[in-house]
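Dear colleague,

Here is the structure I said I would pass on. My notes follow below it.

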Amino acid sequence: METIQLLRDYFPTAVYTGNCLVFISEDWRVELSEHKESDYSKKTAQPNIIRVKVFKKTVNGELLPSYHEDFQIASLGELAEQIEKYIQMAIGSNLRETLE
């Protein structure tokens, strides 16, 4: 959960639930969760996997899974940049304007 906690600084509008970061808007819900690499046969430690799930809200308020992707980038700045770009492409608008 260390990477998720560090990503809170890059995404100040996200809510940290103790397990994941959540962005909520009128039309979307985006979750960022952290998963440890389970392949212990690798000699060098890999960065943890950050899973991004994007849900679209229906007219009656249900959440439908729309997109998901796993990110495994060592540089925190580049990781945040790529996640932000991915979310913007998935929801079709600027992340900061839509989810603020």
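From the N terminus on, the elements run α-β-β-β-β-β-α-α, which makes three helices and five strands. Helices (H or I, at least four residues) and strands (E, at least two) are DSSP runs, numbered from the N terminus.

This is a predicted model: local features need pLDDT of at least 70, side-chain atom pairs count only at pLDDT 80 or more, and totals for chains, interfaces and linings use all residues. Residues are numbered from 1 along each chain as its sequence is written, and side-chain values use heavy atoms, with hydrogens and water left out.

Of the 100 residues, 33% count as buried (under 20% relative accessible area; exposed is over 50%, partly exposed in between; 1.4 Å probe, protein chains only).

Leaving aside residues up to four places away in sequence, Leu7 touches Leu21, Leu32, Ile50, Leu76, Leu79, Ala80 and Ile83 (contact means heavy atoms within 4.5 Å).

Thr17 sits in the loop between β1 (15-16) and β2 (20-24). Thr17 is partly exposed, with a relative accessible area of 47%.

Regards
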